[in-house]
Amino acid sequence: MDHEFHAFQARIEAILPTLATKADIEAVRADMLRLVHETHKWMLASVIGMFIGFGGLFMAVGNGPRLQLQSVPLPASAPATQPVPASTPQTQLQQGRSPQLAFIIINQGKAPVK
């Protein structure tokens with residue numbers, strides 16, 4: 001039994017110097033507290049920045065159409081005339097002109113796929 005006690009005592013004496021002291025625990029605690037405060041500052045700064053950014057975005061979106069409408073001049077009113085009948089592609093071909101389809105106008109002159 002004396003042999004087992006000495007083995008246990010040797011094992012405890014080998015482990016004891018590697019354990020943390022009160023000063024070590026206080027140093028770790030101070031580092032953790034510093035990191036928490038630093039993270040809190042960055043998080044608060046990020047939230048404030050997001051509020052300012054989204055506020056600017058909402059103001060830009062809210063004022064955009066109003067500013068655009070104010071800057072566009074209104075066209076002069078045209079005198080009332082008879083509406084021009086829309087010509088069909090067949091009548092345009094008979095008159096010697098190439099047919100103008102909405103597809104060609106919308107897609108900047110690209111030919112329709114057949």
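1. R29 is exposed, at a relative accessible area of 54%. The classes are buried (under 20% relative accessible area), exposed (over 50%) and partly exposed (in between), with a 1.4 Å probe and protein chains only.

2. Some ground rules come next. This is a predicted model, in which local features need pLDDT of at least 70 and side-chain atom pairs count only at pLDDT 80 or more, while totals for chains, interfaces and linings use all residues. Residues are numbered from 1 along each chain as its sequence is written, and side-chain values use heavy atoms, with hydrogens and water left out.

3. R29 pairs with E26 in a salt bridge, and their closest N and O atoms are 4.0 Å apart. The term stands for a side-chain nitrogen of Lys or Arg within 4 Å of a carboxyl oxygen of Asp or Glu. Both residues belong to helix α2, three residues apart, or about one turn of the helix. E26 is partly exposed, with a relative accessible area of 41%.

4. Two salt bridges turn up when the whole structure is searched. One of them joins the side chains of R34 and E38, at 3.7 Å from N to O. Why are R34 and E38 about one helical turn apart? Because they stand four residues apart in helix α2. R34 is partly exposed at 47% relative accessibility, and E38 is partly exposed as well, at 39%.

5. Helix α2 spans residues 22-71 and contains M50. M50 is partly exposed, at a relative accessible area of 49%. Together with F54, L57, F58 and V61, M50 makes up a nonpolar surface patch of about 550 Å² accessible area. Patch members have over 30% relative accessible area and no salt bridge; like charges are joined within 9 Å and nonpolar side chains (Val, Leu, Ile, Met, Phe, Trp, Tyr) within 5 Å.

6. On the overall fold, the chain has four helices and zero strands, in the order α-α-α-α along the sequence. Helices (H or I, at least four residues) and strands (E, at least two) are DSSP runs, numbered from the N terminus.

7. How much of the chain counts as buried? Of its 114 residues, 1% do. The chain exposes about 11100 Å², and carbon and sulfur atoms supply 69% of that. These areas come from the Shrake-Rupley method with a 1.4 Å probe; for residues, only the protein chains shown count as cover.

8. Confidence is given as pLDDT, the predictor's score for each residue from 0 to 100. The chain averages 77, and 57% of the residues score at least 70. Helix α1 (residues 2-15) has the highest mean, 90, and helix α4 (residues 102-106) the lowest, 49.
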